[in-house]
Amino acid sequence: MRGLALLLGAAIVARASGAAVVARASGAAVVPRACGLRRTLAPALVSRVALSAAAAAPSPRPARGIERIGSSKLNAFGLLFGLNAFLFGAVLLLPMWLASLVDARRILVSRIGNFWGRTVLRCTGIQATVVGAHLLPPASEAIMYVANHCSYLDVPVTGLLRRPLKYISKSEVKKLPVIGAKPALARDLCVTRGDRRSEARVFIDAVKLLKSGESILAFPEGTTTPNGALLPFKRGPFKMALSSGVRVVPLTIVGTYAAWPKGCVGPTRNVPLSIRVHEPLSVEGRSEDELCEAARAAVQRLSLIHISE
């Protein structure tokens, strides 16, 4: 009897594995049938298979040649990207420092940073495009840009906008070798997570910058997505826009999660990237919640596009 039970269990696993493969390919979780067995044998195993398939569905197919470094992953493509990022960062470090001495607003430093992002993408062979560039407001207009946050590739991709921007990012970015010099020299707004004083200081500084005519880019999700799905938006950036009276421009970044999934120390796949510019949102007649919901709805329309092949 024990041998028969084991054989029946193996049959369930084989059937469920096939269903999981189909679910992964189609992007939906498929619950396999119990194959006519009694309910005392199948439910627990079927439930585990269904949950595993659902969890695996949003993730892109892993790239070949990935090696583990501790708990993270890296392959030759990620290594090439990292070398380009640090090499061009080191080359541009002196021009950024010199620009910071003569430009009090650090606009030139921001433009050099944008050039760094575009150059790294180009030299790594990554194709990136801007869709809806005609919707971009004039560079002279102060704007609160908000975008979905999929991976560390998002910042280089935003360099395609060719706008001098102050980024709102976590304070740990400044500690990165070479690359961390840019947010320090450009005087980007770096917030310490969980520190209310830091958050209040960044809010005050952001409103001052917007009122003085400078533009800011924020990632309202507050962190990178764990599975490619759009996370809830935090209200901070929209409160800044309302307090300063500037328009909000939603941006949708596509492809960066498929190229650089969470848990990897670099991009693992070379896939086309794009950044979509949406219609600017006026703050007039809108509450903080309404502005947040309108921006998230615009971003979400395209944020579900993932390249998985």
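## A tour of the sheet and a surface patch

Seven strands make up an open sheet of mixed pairing, ordered β3-β9-β8-β4-β7-β5-β6. Keep in mind that this model is predicted.

**Edges.** Select residues 128-131 for β3 and 189-191 for β6. These are the edge strands, and each pairs on one side only. Look along the sheet next. Its neighbouring strands are turned by 20° against each other on average, ignoring direction.

**Strand β8.** Select residues 247-254. Is this strand enclosed or open? Seven of the eight residues of β8 are buried, so β8 is largely enclosed by the rest of the structure. Buried here means under 20% relative accessible area.

**Partners of β8.** β4 and β8 run parallel and are joined by five bridges. Pick Val 146 and its bridge partner in β8, Pro 250. β9 pairs with β8 in the antiparallel sense, over four bridges. Show Ile 253 with its bridge partner in β9, Ile 275.

**β5 and β7.** Select residues 165-170 and 215-218. These two strands, β5 and β7, pair in the parallel sense over three bridges. Leu 165 stands opposite Ser 215 in β7.

**The patch.** Finish on the surface. Select Leu 94, Trp 97, Leu 98, Leu 101 and Val 102. They form a nonpolar patch with about 550 Å² of accessible area together. Leu 98 lies in helix α3, residues 76-102. Its relative accessibility is 42%, so Leu 98 counts as partly exposed.

Conventions
Residues are numbered from 1 along each chain as its sequence is written. This is a predicted model: local features need pLDDT of at least 70, side-chain atom pairs count only at pLDDT 80 or more; totals for chains, interfaces and linings use all residues. Side-chain values use heavy atoms; hydrogens and water are left out. Two strands pair if DSSP finds at least two bridges between them. Axes are lines fitted to C-alpha atoms, for helices over the stretch in contact, and angles run from 0 to 180 degrees between N-to-C directions. Contact means heavy atoms within 4.5 Å. Patches are made of residues with over 30% relative accessible area and no salt bridge: like charges are joined within 9 Å, nonpolar side chains (Val, Leu, Ile, Met, Phe, Trp, Tyr) within 5 Å. Accessible areas come from the Shrake-Rupley method with a 1.4 Å probe; for residues, only the protein chains shown count as cover. A salt bridge is a side-chain nitrogen of Lys or Arg within 4 Å of a carboxyl oxygen of Asp or Glu. Buried means under 20% relative accessible area, exposed over 50%, partly exposed in between (1.4 Å probe, protein chains only).
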